[in-house]
Amino acid sequence: MGSGDSKITGHIINGEYGLYSDRSQAIFNPGTGEEIRKVAMAGVSQVENAISAAEAAFPQWRDTPPAKRARIMFRFKTLLEENADAIASLLTQEHGKVHNDALGEVQRGIENVEFACGAPELLKGEYTRNIGPEIDAWSDFQPLGVVAGITPFNFPAMVPLWMYPLAIVCGNTFILKPSERNPGAPLFIADLLHQAGLPPGVLNVVVGDKEAVNALLDDKRIQAISFVGSTPIAEYIYTTGTAKGKRVQALGGAKNHAIVMPDADLDNAVQALMGAAFGSCGERCMAISVAVAIGDEVGDQLVSKLKHEILQLKVGIGTDNNNDMGPLISRDHQKKVSSYVDIGVEEGADLVVDGRNLSVENYEGGYFLGGCLFDRVTRDMKIYSDEIFGPVLCVMRVNTMQEAMRLVDEHEYGNGTCLFTRDGGAARYFSNNIRVGMVGINVPLPVPVSCHSFGGWKRSLFGDLSAYGPDGVRFYTRRKTISQRWPSSGVRDGAQFSFPSDK
Ligand code: NAD
C-alpha cells in the first residue's frame with residue numbers, strides 16, 4: 001500500500017496514494033480491542049477529486065478493447081492468488097474472522113474476477129440482418145460512465161470484488177467507498193489491480209462514512225450505485241439515488257430460515273446449521289439465524305444436538321485456525337447482540353445456551369461472544385423479526401412445511417433459505433414457491449457462484465438487478481440498438497409518412 005508505512009491509511013485517487021483528509025478514525029483489532037492505526041475519512045472534496053479522476057479516465061478506458069481490459073483482470077487474478085494469505089491476514093486483523101474463513105472469502109472474491117475475465121464474450125451484442133430493405137440492426141451493451149460501489153464491513157474483500165471487476169471490464173470507471181471499519185483489505189486489493197496494469201483513475205477508493213456516501217449520491221456525474229449493507233441504509237441509497245436519476249442496486253439485510261423436515265438427515269443438518277449460524281460469528285448476510293423444526297420430535301432432537309455442538313464451539317482469536325469463531329466487529333456491536341439475548345429472555349424464549357459471559361484467555365479486550373441458542377421462539381418476538389447479525393440461533397417449532405413456508409414468506413426479508421429433507425417432491429415444491437431469492441436444498445449457505453447472480457427478494461434487495469454474474473453485466477451496461485441502412489447505389493426513396501414497418 002502506498003501509505004503502508006504511515007499510521008494513517010489514505011485513499012487511492014487517480015492512482016495516487018495517501019491523499020489524507022482533515023478527519024480520521026481509529027481502526028481496532030476486534031480480537032484484542034487494540035487500535036491498529038487511523039484511517040482518513042473522505043470529505044466532499046476528496047470524493048469530488050475521485051469522481052473527476054474517474055470521469056477523466058472514462059473516454060480512453062471505454063474505448064479500450066474488452067480483451068485488453070480482461071487481460072488486466074487475468075493479471076489481477078494471479079496477484080490476488082499470490083497475495084491471498086496476506087489479504088486474509090488483513091481481514092483477520094481488521095474484521096476478526098478466522099484466517100481459513102478469510103481465505104474462503106478471498107477465494108469467492110477471486111471467482112468474480114475470473115468471471116470478469118470473460119468480458120469479450122460477456123459484452124457480445126445481438127445482431128439481426130435484414131430487418132428491412134437493406135437494413136441491419138444490432139444491440140450493443142455500452143458502459144454507463146462513472147459508477148460507485150458502497151460496501152459493508154462483513155466481507156471487506158469479497159463484496160467490493162462483486163462490483164468493480166465487472167463494472168471495469170464493462171468499460172466503466174469506478175469509485176469504491178468501502179466500510180470505514182476495515183478498509184485495509186480493500187485498499188490493498190485495489191493496489192494489486194494497479195500493479196496489474198490498470199490505468200490511473202479507472203478505480204478510485206475513498207475511505208469514509210455517510211459524508212462520502214452523500215457526496216456520491218449528490219454528484220450528477222455518478223451514473224449508477226451498487227450498495228451492500230443494512231436494509232435502512234439500502235433503502236435510503238435506493239430512494240435517494242433513483243430520485244437523483246441514478247441506476248441503483250441496493251442489497252440489504254436478512255433473516256435466513258432453515259427448515260428441518262422429519263425425513264432430513266438430522267446429523268448432517270446439525271453440522272450444516274452450525275457452520276451457517278456461527279461461522280464468521282453470524283456476521284454473514286446469508287447466515288442461518290432461524291431453524292424451523294417440523295414437529296416437536298424434530299424440535300427436541302434438533303435442540304439437544306445443537307446444544308451439544310454449541311457447547312463445543314471454539315471461540316477465540318482469528319489468527320488461530322483451530323478456532324471456529326472469532327470476535328464480533330466492535331464493542332458496540334458486541335453489546336447490541338448481547339442485548340438481543342437479554343430481550344429474547346424477557347420475551348419468554350428458552351435460552352438453551354447462553355454465550356454472554358464468555359471470556360477468552362489472554363484476549364480479554366476482544367469483542368467475543370459465545371454461541372447462543374434459543375428454543376420456542378415465536379413470530380411476535382423481536383429476536384425473530386430483527387436481523388441480529390451475531391452468533392444467535394433461534395429455533396421455532398411448527399407442524400407442517402406449509403406453516404414453515406408461511407413464516408418465511410411473511411418475513412420482511414427474503415435473502416436466503418434452506419430446506420433439509422430427503423423428499424424430492426417437497427424440495428421441488430419448496431424451491432418453486434418460496435418467496436426468497438436464494439434457496440438451498442440441503443445446502444445451508446446457497447451463495448450463488450460467480451456465473452450466477454446474487455440477490456434477495458423483498459426488503460433484502462432494492463432494485464431490479466442482482467449483484468454480479470449476468471445481472472451484473474446488465475447493471476453496468478446500457479443497451480443501445482442501432483439500425484443501419486446502406487442502400488444499393490441508385491436506390492432513392494421518397495419521403496415515407498406512415499410508421500415504418502416490414503409490411
Ligand atoms: P451498514 O449499512 O451500516 O454500512 C454499509 C455501508 O453504508 C458502509 O460503507 C457505511 O459507511 C455506509 N453507511 C452507514 N451508515 C450510513 C448512513 N447513515 N448514510 C450513508 N451511508 C451509510 O452495514 P454494515 O454494518 O457495514 O454491514 C452489515 C449489514 O450488511 C447487515 O445488515 C448485512 O445483512 C448486510 N449485508 C448484506 C449483504 C447482501 O448481499 N444482501 C451482504 C453483506 C452484508
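**Around the ligand**

Colleague: How far is an oxygen atom of the ligand from a polar backbone atom of Gly229?
Modeller: Keep in mind that this is a predicted model. A pair of N or O atoms counts as a polar contact within 3.5 Å, and the distance from the ligand oxygen to the polar backbone atom of Gly229 is 3.2 Å.

Colleague: What share of the area that the ligand exposes when taken alone does the protein bury?
Modeller: The ligand sits in the largest pocket. Taken alone it exposes 840 Å², and the part of this area buried by the protein is 88%.

Colleague: Which residue has a polar side-chain atom 2.7 Å from an oxygen atom of the ligand?
Modeller: Thr151 can be set aside here, as its atom, 2.8 Å from a ligand oxygen, is a backbone N or O. The closest of the 25 surrounding residues include Lys177 and Ser230, but the side chain with a polar atom at 2.7 Å belongs to Glu180.

Colleague: Between which domains does the ligand lie?
Modeller: Both α8 (210-218) and β11 (222-228) supply at least two residues of the shell. Because residues of the shell come from two domains, the ligand lies between domain 1 (8-252 + 460-481) and domain 2 (256-441).

Definitions and conventions. Residues are numbered from 1 along each chain as its sequence is written. This is a predicted model: local features need pLDDT of at least 70, side-chain atom pairs count only at pLDDT 80 or more; totals for chains, interfaces and linings use all residues. Side-chain values use heavy atoms; hydrogens and water are left out. A residue is near a molecule or strand if one of its heavy atoms lies within 4 Å of it. A polar contact is a pair of N or O atoms within 3.5 Å; within protein, one must be able to donate a hydrogen and the other to accept it, and residues adjacent in sequence count only if both atoms are side-chain atoms. Accessible areas come from the Shrake-Rupley method with a 1.4 Å probe; for residues, only the protein chains shown count as cover. On a 1 Å grid over the protein atoms alone, a cavity is a set of points where a 1.4 Å probe fits but cannot get out, and a pocket is an open set with protein on both sides within 12 Å along at least five of seven lines; lining residues have an atom within 4 Å of a point. A molecule sits in a cavity or pocket if more than half of its atoms lie within 2 Å of its grid points. Helices (H or I, at least four residues) and strands (E, at least two) are DSSP runs, numbered from the N terminus. Domain bounds come from an automatic or database domain assignment.
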